[in-house]
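Me: I have a structure open and want to learn to read it. Can you take me through some features, one by one?

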Amino acid sequence: MDGVIADVIEQMFRYDEKDFGRRKTWEEAIGKMESEVFPNVRKYVFSKGFFRMAPVIEGSREIVYELSKRYEVFIVSAATEFPQSISEKQEWLHEHFPFINWQQMVFCGSKTIIEADIMIDDHFKNLDHFKKNTILFSQPHNLLKDAGRHKRANSWKEIGEMLLP
C-alpha cells in the first residue's frame, strides 16, 4: 500500500519541509532509505494523520479499479508496525478506493505470509520471498538497484500495460 498506491514519500517530503523549512528534492532521496533522507521519519509515521492524509499515487486508483474487474485484488499492508495506521489506512482506502471492501484489506506484520499470483511492492524485502510474479514499483530508495527477477514499473500506466493487455 505505502509507496505503491499511497504516496508516503510525498507525505514525508511535506512533513520534512514543515520541520526544516526547505523542501528536499526527489534527487536527494534517490538510492537512500527514508531514514537517511528524513531524520524525523519515525516521528512522522507515528503521527496522527500521517497515513490518513497521504496523497494517492497518480494513476493507481484507475488501474487498480480496472484490475479489480479482472483479478481478485487485495491491498496488503505491513501496518501492524504502526498500530495507529490501521484505522487510518482503512479510512484512506474507503475514501480513495471505495471499490475495495474490508474483505480485500490485509493488515499484517510480515508479507511473507501472503500467497497470490502477483505482488506489487516497492521493497525487495516484501518481493524477494514471493514465489510467483512480482513487480517492483519504483521509489527513490530502490531506483539505483537492479530489479533482479522482479519486473520494474515506474508508474501505474506501466503496470496497466503489463497486466491489462
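Reply: Start with S60. S60 is buried, at 0% relative accessibility. Buried means under 20% relative accessible area, exposed over 50%, and partly exposed in between, with a 1.4 Å probe and protein chains only. This is a predicted model: local features need pLDDT of at least 70, side-chain atom pairs count only at pLDDT 80 or more, and totals for chains, interfaces and linings use all residues. Residues are numbered from 1 along each chain as its sequence is written, and side-chain values use heavy atoms, with hydrogens and water left out.

Me: Where is S60, and which residues does S60 touch?
Reply: S60 sits in helix α5. Helices (H or I, at least four residues) and strands (E, at least two) are DSSP runs, numbered from the N terminus. Contact means heavy atoms within 4.5 Å. Leaving out residues up to four places away in sequence, S60 touches V4, I5, F97 and W156. Take F97: S60 and F97 are 37 residues apart in sequence but 9.3 Å apart in space, C-alpha to C-alpha.

Me: How do I read the sides of a helix?
Reply: An α-helix has 3.6 residues a turn, so residues three or four places apart point the same way. Now look at α5, residues 60-70: S60, I63, V64 and L67 are buried. They cover an arc of only 100° around the axis, so they lie on the same side of α5. The arc is that of the directions from the helix axis to the C-beta atoms.

Me: What do the buried residues of α5 pack against?
Reply: They pack against α8 (156-163). In α8, W156, I159, G160 and L163 are buried. Their arc around the axis is only 100°, which puts them on the same side of α8. K157 and E161, on the other side of α8, are exposed. The buried residues of α8 pack against α5, β3 (118-121), β4 (133-137) and β5 (151-153).

Me: What about R23?
Reply: R23 counts as partly exposed, at 34% relative accessibility. Find R23 in the loop between α1 (8-20) and α2 (26-29). R23 and F13 are 10 residues apart along the chain, and their C-alpha atoms are separated by 6.5 Å. Not counting residues up to four places away in sequence, R23 touches E10, F13, R14 and E17.

Me: How is a pair of aromatic rings described?
Reply: By the distance of the centres and the angle of the planes. Rings of Phe, Tyr and Trp (its six-membered ring) pair if their centres lie within 6.5 Å; planes under 30 degrees apart are stacked, over 60 edge-to-face, the rest tilted. The structure holds 10 aromatic pairs. One of them, F50 with F51, is edge-to-face: 5.0 Å centre to centre, 85° between the planes. F50 is buried at 0% relative accessible area, and F51 is buried at 4%. Ring pairs link Y15, Y44, F46, F50, F51 and F82 into a cluster.
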